[in-house]
Amino acid sequence: MLKGNWVRPDGGYTIAIKSIGPNGQIEAMYFNPNPLPFAKAQASRQGAALRAFFEIRAGGYAGSTYELTYDPASDRLRGTYYQAVAKQKFDVYFVRQ
C-alpha cells in the first residue's frame, strides 16, 4: 500500500519506499533532489489509519521529521513536516508518482 515513490508537489521532494518489514520498519530514501538516508522510518496503525514517521538527520536537516497518514480515498500521504533547523511545522502531502 505504501510502497513506491511519493512526491511532494510543492517542491518535488520525494520519498521512495522500497519495503515495510513485519515490525513496521520502512526501507526508504529521501530525495531533495539529492538522495538522503532516513535516520528513522517507521510505519504503524492507529485504529484504521496507516501512519508513517520519517526522520532525517543528514544534509543539514538535523532532526527534521515527516508525520504522515495514508489517505486511501485520494491515494495520498498527508500530514506535517517539521523543519528542525527553522523550528517550523508545515502541512504537506505526497502523491504517488
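Which residue of β4 does F31 stand opposite? Read on to the second view for the reply.

This is a predicted model, where local features need pLDDT of at least 70 and side-chain atom pairs count only at pLDDT 80 or more, while totals for chains, interfaces and linings use all residues. Residues are numbered from 1 along each chain as its sequence is written, and side-chain values use heavy atoms, with hydrogens and water left out.

**View 1. An open sheet of nine strands.**
Welcome to the sheet, where nine strands follow the order β4-β3-β2-β1-β9-β8-β7-β6-β5 with antiparallel pairing. Strands here are DSSP runs of E with at least two residues, numbered from the N terminus, and two strands pair if DSSP finds at least two bridges between them. Because β4 and β5 stand at the edges with a single partner strand each, one side of each is left without a neighbour in the sheet. On average, neighbouring strands of this sheet are turned by 25 degrees against each other, direction ignored; the axes behind this angle are lines fitted to C-alpha atoms, and angles run from 0 to 180 degrees between N-to-C directions. Elsewhere in the order, strand β1 (residues 4–8) pairs with β9 in the antiparallel sense over two bridges, and V7 stands opposite V95 in β9.

**View 2. Strand β3 and its two partners.**
Here is the reply to the opening question: F31 stands opposite P35 in β4. Three bridges join β3 to strand β4 (residues 35–37), and these two run antiparallel. A hairpin of three residues makes the link from β3 to β4. P33 is found in the loop between these strands, and the peptide bond from N32 to P33 is cis, with omega near 5 degrees. Towards β2, six bridges join β2 to β3, again antiparallel, and the bridge partner of I15 in β3 is Y30. The hairpin of β2 and β3 has five residues between the strands, and G24 there takes a positive phi near 90 degrees. β3 also has two faces: I26, A28 and Y30 form the covered one, whereas E27, M29 and F31 form the uncovered one.

**View 3. The largest nonpolar core.**
This core has 23 residues, and those with the most contacts inside it are I15, F54 and Y66. By nonpolar core we mean a set of buried Ala, Val, Leu, Ile, Met, Phe, Trp, Tyr and Cys residues joined through side-chain atoms within 4.5 Å. Buried stands for under 20% relative accessible area, exposed for over 50%, and partly exposed for in between (1.4 Å probe, protein chains only). The elements that give two or more residues to the core are β2 (13–20), β3 (26–31), β5 (40–46), β6 (49–56), β7 (64–71), β8 (76–83) and β9 (88–96). β6 provides the largest share, four residues.

**View 4. F54 and A41 with their surroundings.**
Contact in this view means heavy atoms within 4.5 Å. Leaving aside neighbours within four places in sequence, F54 is in contact with residues including I15, I17, A41, Y66 and L68. A41 has its place in strand β5 and is buried at 3% relative accessibility. With the neighbours within four places in sequence left aside, A41 is in contact with G24, Q25, I26, F53 and F54. N23 and A41 are 18 residues apart in sequence and 11 Å apart in space, C-alpha to C-alpha.

**View 5. Salt bridges.**
Side chains of opposite charge can pair when their charged atoms come close. The structure holds four salt bridges, each a side-chain nitrogen of Lys or Arg within 4 Å of a carboxyl oxygen of Asp or Glu. In one of them, R96 meets D75, with the closest N and O atoms 2.8 Å apart. This pair links distant parts of the chain, as R96 is in strand β9 and D75 in the loop between β7 and β8, 21 residues apart. R8 forms a salt bridge with D10, where the closest N and O atoms are 2.6 Å apart; R8 is buried at 9% relative accessible area, whereas D10 is exposed at 55%.

**View 6. Two loop residues with positive phi.**
A62, in the loop between β6 and β7, has a positive phi near 40 degrees though it is a residue other than glycine. K87 lies in the loop between β8 and β9, and its phi is positive too, about 55 degrees, although K87 is not a glycine. A62 is exposed at 53% relative accessibility, and K87 is exposed with a relative accessible area of 66%.
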